[in-house]
Amino acid sequence: MSSLLVDNIGELVTNAAGEDPLGIRRDAAVLVEEGRVAWVGPSRYAPAADRRVDAGGAAVLPGFVDSHAHLVFAGDRAAEFAARMAGEPYTGGGIRTTVGATRAATDAELRATVRRLHGEALRQGTTTIEIKSGYGLTVADEARSLRIAAETSTETTFLGAHVVPAEYADRPDDYVGLVCGPMLAAAAPHAKWIDVFCERGAFDVDHARAILACGQAAGLGVRLHANQLGPGPGVQLGVELGAASVDHCTHLSDADVAALADTAQRDGSGTRTVATLLPGAEFSTRSPYPDARRLLDAGVTVALATDCNPGSSYTSSMPFCVALAVREMRMTPAEAVWAATAGGARALRRDDIGVLTPGARADLVVLDAPSYLHLAYRPGVPLIRQVIRNGVTP
Ligand code: NIG
Ligand code: FE
């Protein structure tokens, strides 16, 4: 049995439950066996192992869990971004541009994009990434998007209900029928989750409910894009259906916040609906950020993710999202790091990632810094010195 010891860790973020929200240990070591954390303790008592990584007094944390990303697409929308920075609003209308480019792309081109973005994310400390379809919007293009996504991640999400494609513009009910029927049948074997963009201009609450119910009946877990561009019923629909996560949460009513808080209090993490905040989208669309403090103060479980996509948030960087959350959303650095690791794991209903406790998957990030605080304190600086995923250096 091959073992690995990461020792001489100045500050270890474990996210273990306890008084300190990040479960911090000083002068610590982590023993990894068979891809799992086997032991955590003081560095001076560390057992011997086959291989050793000397952290040199630096900080180590669980790999980031990016629970919301759209990596299967072709082309980019840099010109749309430039127009926004010159004052154009973001409406989601550009999604159809990416749909056209994605349909025209070969499998090899799509695969290369997923691998490139996954590589970028990994180098920035992301060890788990959720990948959505949603730029194919035909039976064949959604199925191949998910097939390609599944080559890289087990956290795959069917987003056939991203927007109504142009050819169905006059008959959205027919498109919903397609999504619930043949598209779901072709997508479900490659997907773990189903998602809907529930928003004015995309899918209304009745269509969203119907599509998510079909997905649930096919064995998929529910998550959804909700309340991004304006207030609406999406968050409460998510709570009603027991969604693992409602994502964006930029425009919330008091009732939305209360409904989310209620799921956290009932707990049993099987029923909790996480609010996943995507500050890269507000950065890149120059929109007001979600009110993270309001959610946290109400007791809602908050996750942070990149929303990596070519339209509203073309970043694969979880450290960037942590820095934005602290500077722009008034999360403490500790809250932001928790939300980017353990919070993401909750949003995917996983208890084997986002923590560094015995039995967890050995996904570790060694920083080029003495503390997790530096992720927000030194924005834009490449602070990820080494990534260990499943106990190995990728
Ligand atoms: O999460 N909101 C819908 N979907 C993406 C944006 C997709 C796009 O603009 O291409 C999002 O922001
Ligand atoms: Fe998204």
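Here's a quick briefing on the overall fold, the helix packing and the ligand shell of this model.

This is a predicted model, where local features need pLDDT of at least 70, side-chain atom pairs count only at pLDDT 80 or more, and totals for chains, interfaces and linings use all residues. Residues are numbered from 1 along each chain as its sequence is written, with chains lettered from A and ligands numbered from 1 in the order in which they are written.

**Overall shape**

- The chain has 13 helices and 16 strands (DSSP runs numbered from the N terminus: H or I of at least four residues for helices, E of at least two for strands).
- With 394 residues, a compact globule would have a radius of gyration near 21 Å, and the chain's 20 Å agrees with that (taken over C-alpha atoms; the rule is 2.2 Å times the number of residues to the power 0.38).
- The C-alpha trace spans about 70 × 45 × 45 Å along its principal axes.

**H3 against H4**

- Helix H3 (residues 107-123) packs on helix H4 (residues 139-150) at about 45°, with axes 10 Å apart (axes are lines fitted to C-alpha atoms over the stretch in contact, and angles run from 0 to 180 degrees between N-to-C directions).
- That makes H3 oblique to H4 (under 35 degrees counts as roughly parallel, over 145 as roughly antiparallel, 65 to 115 as roughly perpendicular and the rest as oblique).
- Asp107, Leu110, Arg111 and Val114 of H3 meet Arg144, Ser145, Ile148 and Ala149 of H4 (contact means C-beta atoms, placed from the backbone, within 7 Å).
- By class, this contact has four nonpolar, one polar and three charged residues (Ala, Val, Leu, Ile, Met, Phe, Trp, Tyr, Cys and Pro count as nonpolar, Asp, Glu, Lys and Arg as charged, and the others, Gly among them, as polar).

**H4 against H5**

- The axes of H4 and helix H5 (residues 172-187) come within 8 Å and cross at roughly 25°, so the two are roughly parallel.
- Val139, Glu142, Ala143 and Leu146 of H4 touch Pro182, Met183, Ala186 and Ala187 of H5.
- Seven of these contact residues are nonpolar, none is polar and one is charged.

**H5 against H6**

- H5 and helix H6 (residues 205-217) sit at about 10° with axes 9 Å apart, which makes H5 roughly parallel to H6.
- H5 brings Val176, Val179, Cys180 and Leu184, and H6 brings His207, Ala210, Ile211, Cys214 and Gly215.
- The tally here is seven nonpolar, two polar and no charged residues.

**Ligand 1**

- 14 residues surround ligand 1, the closest being Ile95, Phe197, Asn309, Gly311 and Ser312 (a residue is near if its C-beta atom, placed from the backbone, lies within 6 Å).
- The shell has four nonpolar, nine polar and one charged residues.

Key:
Two residues are in contact if their C-beta atoms, placed from the backbone, lie within 7 Å.
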